[in-house]
Amino acid sequence: MMMNLEHGTTGQTTPPAPDQAVPQAPQVTIPEDALVLVPVRNLVLFPGMILPATIGREASLAAAQYAVKNDRPVGLLLQRDPTIDAPQPEDLYSVGTVAQVLRYVTTPDGSHHIVCQGEARYRVVEFLSGYPFLVARVEQQRDAEGMGKELEAQLFQLRERAVEALELLPQTPQELLQAVQAFKSPAPLADLIAGFMDVAAPEKQAVLETFDVAARVDKVLEMLAHRIEVLKISREIDTRTKATMDERQREYVLREQLRQIQKELGEGEGAGQELAELREAVDKAGMPEETLAHAKKELKRLERMPEASAEYSMARTYLDWLVELPWSKTTESTIDIAEARRILDEDHFGLEKVKRRIIEFLAVRKLNPDGHGPILCFVGPPGVGKTSLGQSIARALGRKFERVALGGVHDEAEIRGHRRTYIGALPGVIIQGIKKAGTRDCVMMLDEIDKVGASVHHGDPSSALLEVLDPEQNKAFRDNYLGVPFDLSRVIFITTANMLDTIPGPLRDRMEIIHLPGYTAEEKLEIAKRYLVRRQVEANGLKPGQATITDAAITAIIRDYTREAGVRNLEREIGSVLRNAATRIAEGNVETVAIDSADLETILGPAKFEAEVALRTAVPGVATGLAWTPVGGDILFVEASRTAGSGKLIMTGQLGDVMKESAQAALTLVKSRSGSPGMPSDFDKWDVHVHVPAGAIPKDGPSAGVAMFMALTSLFSGRTVRSDTAMTGEISLRGLVLPVGGIKEKVLAALRAGIETVMLPARNRKDLVDVPQEARDRLRFVWLETVDDAMRHALSSVEGARPIPAESA
């Protein structure tokens with residue numbers, strides 16, 4: 001082996017040609033106490049070692065030729081930077097090795113080689129100039145003779161470590177071990193070990209520059225200890241690798257034998273083909289790196305399982321789920337705002353504010369496709385079009401629509417999935433919806449989110465939905481069944497609810513609430529003409545033109561047979577009418593049927609709803625209030641009666657605590673007006689009974705305060721409350737009318753009930769902007785600052801007052 005002095009690499013050289021002449025050396029004279037220097041790049045020669053080397057620089061060639069010609073030793077000196085081609089004195093270390101050139105060889109390819117034997121260390125004292133190569137006066141350093149106890153101990157330790165290192169090397173000759181054991185002095189052994197150790201040249205140079213033998217041995221022992229640890233780790237890795245290879249080879253042989261046995265028995269061919277197809281499907285599924293590694297691990301487990309075991313079917317089902325999920329499949333579509341507006345107008349009548357917000361949502365999606373938009377939550381009564389709005393958004397986006405029903409879900413595992421610890425485990429409804437949609441950027445509607453339950457034993461599904469609906473967390477949603485993260489950040493989630501009270505605060509905070517309060521009678525008429533009649537004609541097998549319903553008939557159905565915020569019952573009644581028409585056509589009696597309002601009583605029976613406001617309020621002690629319910633607004637009647645007694649207040653109608661307090665406050669406020677014109681002064685002689693009909697329905701809230709005050713005032717004054725007037729508002733003991741919520745729903749309920757005048761708190765005037773223009777045009781609004789405003793506008797004249805007998809009102 002030759003060491004390349006110029007480039008610091010070793011390589012096999014061609015054998016030197018015999019009897020080659022040494023090239024002509026330069027004619028110079030060097031002092032006897034000076035030394036010819038040969039700079040080397042990555043070679044450190046220690047005393048006692050013999051190393052061949054290749055030289056190529058002109059100065060190095062001249063120095064070697066001079067030394068051979070004049071039988072002079074050379075000084076090998078390491079460069080600090082091996083990349084320098086013409087090193088100067090400052091580029092060299094100051095300590096090197098005096099070496100005797102044993103042989104100078106020139107090979108046929110023109111390269112020059114010298115074989116050197118290290119003799120002693122030296123330190124450069126002074127560089128001499130004026131020569132074609134480097135020359136310096138040096139001071140040779142010889143190791144001290146003799147050996148104390150400490151050096152003897154170091155020698156013993158050095159031998160042991162050297163033998164340990166050699167035994168860790170593969171195929172170590174026994175003669176080398178014996179040679180190490182034969183050393184009687186620590187200095188030459190340390191130099192030998194450092195010279196042959198596979199460490200960087202600067203580390204070897206540090207050992208060369210250590211003149212103190214004890215310190216030098218300590219350095220070599222430290223280097224040996226590190227090298228031994230590296231060799232041990234390397235051997236452990238080799239052992240593990242060999243064991244793994246042996247295990248794989250054994251497994252391969254056993255599998256091949258099993259395959260041959262199954263082939264002879266005519267078994268396993270279908271299973272093998274099935275597993276091959278499954279492996280191919282795993283590779284093509286587009287899974288993330290972590291999920292792919294997990295799937296391949298599960299596939300290997302499956303290959304080792306017998307088909308008859310129950311765990312085999314579980315593992316196979318699990319892999320099928322992993323393969324069939326759309327890990328990387330997306331919908332290629334662009335958002336056209338004009339087309340989206342057309343779709344919304346085509347699918348829905350009215351709802352201008354809601355449609356405007358949806359258009360804004362789609363516009364932001366178009367400009368920032370990768371952004372995290374808000375989670376829209378449509379809140380409103382049944383039948384107002386919440387679900388169909390989600391379908392329209394999916395149409396406008398050109399994406400798949402998937403609906404997930406959350407009503408009645410009370411187990412957290414329904415959201416996060418069941419753990420694969422038993423047969424029949426499945427992922428949660430979110431992952432099931434993603435799989436059914438077949439794309440990871442679908443529009444997913446979480447329907448009835450307000451009806452999610454909770455269980456002590458099954459966890460809280462609402463808490464699991466927090467991660468699903470959080471754009472910062474759902475990009476690594478981990479279903480318990482899958483056990484690997486799935487990115488939900490591309491899914492557009494839309495939720496629906498009938499009421500917000502049952503939705504936990506943190507979950508409600510994740511969503512942007514959009515209210516859909518309900519429709520006016522005119523809006524219902526347009527919806528029926530545009531959508532409901534056509535849909536029911538098709539559903540009942542009728543052809544266009546075979547059956548028609550006049551506007552008067554639809555209006556009568558809305559007024560007399562339905563009373564709802566949405567149009568669900570309206571569609572049912574229209575369906576009943578058209579089924580009657582279909583029956584007549586199917587019997588062959590007629591070819592076409594036209595249905596007018598006069599035909600409804602024969603088909604649908606007597607009217608289900610009638611204007612009972614005038615009838616209810618024909619006597620003192622009754623007032624018409626307005627209430628908000630989860631299915632829209634409604635009217636309620638507050639009835640008051642008095643009997644001889646001791647001033648007690650009796651309340652019935654399944655009233656909540658807040659409503660009972662409103663009744664107590666109303667009675668106290670009425671009593672405070674004792675002795676005023678038209679009001680008695682002997683309240684303590686009467687027991688007062690306040691009743692709110694529809695006793696089977698729980699009622700609560702402060703907004704019935706004005707209605708209760710007016711009912712009690714009407715009772716004691718004998719003046720009736722106007723039958724065309726309804727009211728809402730909370731009252732205080734000072735007679736102030738305080739603002740309440742649900743104004744839009746309450747106003748629409750008043751319109752449906754035939755009310756003409758609505759009395760509202762003055763501080764709710766700002767909410768009138770949400771009321772449809774049609775309702776504002778048809779109703780008269782009275783704004784209340786105090787209860788005196790309500791008495792002035794709602795009570796009949798004093799002349800029309802009727803005294804009420806003591807027994808009842």
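1. Start with how two helices pass each other: α10 (residues 337-347) crosses α12 in a right-handed sense. A crossing is called right-handed if the near helix is turned clockwise from the far one by less than a right angle, and left-handed if anticlockwise. The axes of α10 and α12 (residues 386-397) come within 9 Å and cross at roughly 150°. That makes the two helices roughly antiparallel. Axes here are lines fitted to C-alpha atoms, for helices over the stretch in contact, with angles running from 0 to 180 degrees between N-to-C directions; under 35 degrees counts as roughly parallel, over 145 as roughly antiparallel, 65 to 115 as roughly perpendicular and the rest as oblique.

2. Some ground rules before going on. This is a predicted model, in which local features need pLDDT of at least 70 and side-chain atom pairs count only at pLDDT 80 or more, while totals for chains, interfaces and linings use all residues. Residues are numbered from 1 along each chain as its sequence is written, and side-chain values use heavy atoms, with hydrogens and water left out. Helices (H or I, at least four residues) and strands (E, at least two) are DSSP runs, numbered from the N terminus.

3. Which residues bring α10 and α12 together? From α10 come Ala-340, Arg-342, Ile-343, Leu-344, Glu-346 and Asp-347, and they meet Leu-389, Ser-392, Arg-395 and Ala-396 of α12. Contact means heavy atoms within 4.5 Å. Arg-342, Glu-346, Asp-347 and Arg-395 also turn up, with Glu-339, in a network of salt bridges. A salt bridge is a side-chain nitrogen of Lys or Arg within 4 Å of a carboxyl oxygen of Asp or Glu.

4. Two strands pair if DSSP finds at least two bridges between them. Parallel strands β10 and β11 are joined by 5 bridges, and Val-404 stands opposite Leu-446 in β11. Strand β9 (residues 375-379) pairs with β14 over 4 bridges, again in the parallel sense, with Phe-378 opposite Thr-496 in β14.

5. Salt bridges deserve a point of their own, as the structure holds 39 of them. One joins Lys-355 to Asp-345, with the closest N and O atoms 2.9 Å apart. It links distant parts of the chain, 10 residues apart: Lys-355 sits in helix α11 (residues 352-367) and Asp-345 in α10.

6. Two more bridges to check. Arg-440 and Asp-487 have their closest N and O atoms 2.9 Å apart. Arg-440 is in the loop between α14 (429-437) and β11 (443-447), and Asp-487 in the loop between β13 (485-486) and β14 (492-497), so the pair ties together parts that are 47 residues apart in sequence. Arg-440 is buried at 13%, and Asp-487 is partly exposed at 25%. For Glu-412 and Arg-416, the closest N and O atoms are 3.1 Å apart; Glu-412 is partly exposed at 26% and Arg-416 buried at 19%.

7. Back in α11, have a look at Arg-365. Arg-365 is buried, with a relative accessible area of 11%. Leaving aside neighbours within four places in sequence, Arg-365 is in contact with Ile-335, Gly-371, Gly-373 and Ile-492.

8. Finally, helix α24 (residues 743-752): 9 of its 10 residues are buried, so α24 is largely enclosed by the rest of the structure. Among the buried ones are Ile-743, Glu-745, Lys-746 and Arg-752. Just after α24, Gly-754 takes a positive phi of about 85°.

Terms used: Buried means under 20% relative accessible area, exposed over 50%, partly exposed in between (1.4 Å probe, protein chains only).
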